[in-house]
Amino acid sequence: MINVGVLGATGAVGQRFVQLLADHPWFNLKTLTASERSAGKEYGSVVNWRLDSPFPESASHLIVSPTTVDAVKDCDIVFSAMPADIATQLETDIANAGVGVFSNASSHRMDEDVPLMIAEVNPEHAALIDVQRKKGRNGFIVTNPNCSTIMLATALAPLRKFEFKDIKVATLQAISGAGFEGVPAFGIYDNVIPFIGGEEEKMAREANKILGTFSNGKITGAPFSVSASCNRVPVIDGHTLNIWIDINASVPEVIDAFKTWEAPFKGLPTQPDKSVLYLEQENRPQPRLDRNRGGAMTVSVGRVREGIRFVAMGHNTIRGAAGASVLNAELIHTMKYI
């Protein structure tokens, strides 16, 4: 078994990590970290479990550690749900100490030697771990993208066989993406908030890196532009994206690409049967009906129209965060980096 830890285990994404790792067939959940006020106490006594899944009793009696390098020195890998300002130096120090870091934070996503990975979309970018090690790092850092970028880039993956250069996207993003305390109830009820700080910029730059090409130890960004407009809506879980794409393909060709695309590997524990699922109904996908498909790891697409315009939707804290990171770790393990 591979010993793993979770950094920031009491927050929204941290809880998702614990949920997915508590009974994982490959990973032994050994260490949980949180703030100083929780350190030294049992996880079950300090976590305010707010997920729509049962609390994993196997994690209940784990003693929470302070979030330090020493706390995870006995782990083979850690999953980071830390805020970006804290994660920047902490993740670097942990990786330099010989531990593999799989991060949901934005701190290192655009580092030239760090993979920004969606396992099924750009697995070849894992070779950047070799670049890190050649520079003397004993461990490594692998990041997953922003939650809305994951939905966008995964939906675009089946279309890479066509030429496209300009993408416009309007997001309808769930409140869970802002964390448990992120959006006051009075602000989101009966409302749409047409601004999410930093989100539009992340979507533009991250998609280019993810769908870029790896050669000679470097990523060359994909030759398309992304213009995003991001909105917070009163949905608990599930980000919906309306996408317009300037692409050299017809509606039937795009639909066929969605229906026939397969991930380049199969059989990993967190991997869904269909990473991209095309829905025929004219009013789908919908968050409440479709966010939990494939163990909440499937990105559903539909409403392909002339233009080309279509809708994509996925579970933001699982496919768009913790689940994506766990799947990255499973893939990296099969590549013998762990």
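These legends accompany several close-up views of one predicted model.

Local features are given where pLDDT is at least 70, side-chain atom pairs count only at pLDDT 80 or more, and totals for chains, interfaces and linings use all residues. Residues are numbered from 1 along each chain as its sequence is written, and side-chain values use heavy atoms, with hydrogens and water left out.

**View 1. The whole chain.**
The chain holds 11 helices and 14 strands. Helices (H or I, at least four residues) and strands (E, at least two) are DSSP runs, numbered from the N terminus. The C-alpha trace spans about 60 × 50 × 35 Å along its principal axes. Of the 338 residues, 56% are buried. Buried means under 20% relative accessible area, exposed over 50%, and partly exposed in between (1.4 Å probe, protein chains only). Among contacts in the chain with a separation of 6 or more, 73% join residues 24 or more positions apart. Contact means heavy atoms within 4.5 Å.

**View 2. The parallel sheet.**
Six strands form an open sheet in the order β3-β2-β1-β4-β5-β6, with parallel pairing. Two strands pair if DSSP finds at least two bridges between them. β3 (64–66) and β6 (140–143) stand at the edges with a single partner strand each, so one side of each has no neighbour in the sheet. From one strand to the next, the twist averages 30 degrees. Axes are lines fitted to C-alpha atoms, for helices over the stretch in contact, and angles run from 0 to 180 degrees between N-to-C directions. β5 (residues 100–103) and β6 are joined in parallel over 4 bridges. Here Phe102 stands opposite Val142 in β6.

**View 3. Helix α1 and its cover.**
Helix α1 (residues 12–21) is largely enclosed by the rest of the structure, because 8 of its 10 residues are buried. Those buried residues are Ala12, Val13, Gly14, Gln15, Arg16, Phe17, Val18 and Leu21. Their cover includes β1 (2–7), β2 (27–34), α2 (43–46), β4 (77–80) and α11.

**View 4. The kinked helix α11.**
Helix α11 (residues 318–334) has a kink of about 45 degrees centred on Ala324. The bend at a residue is the angle between axes fitted to the seven residues ending there and the seven starting there. α11 lies across β1, β2, β4, β5 and β6, at about 145 degrees to β5. In α11, 15 of 17 residues are buried. Just after α11, Lys336 takes a positive phi of about 70 degrees.

**View 5. Strand β11 and its partners.**
β7 (residues 164–173) and β11 (residues 239–247) pair antiparallel over 8 bridges. Val169 has Ile243 of β11 as its bridge partner. Asp166 stands opposite Asp246 in β11. β11 and β14 also run antiparallel, joined by 6 bridges. There, Trp244 has Arg309 of β14 as its bridge partner.
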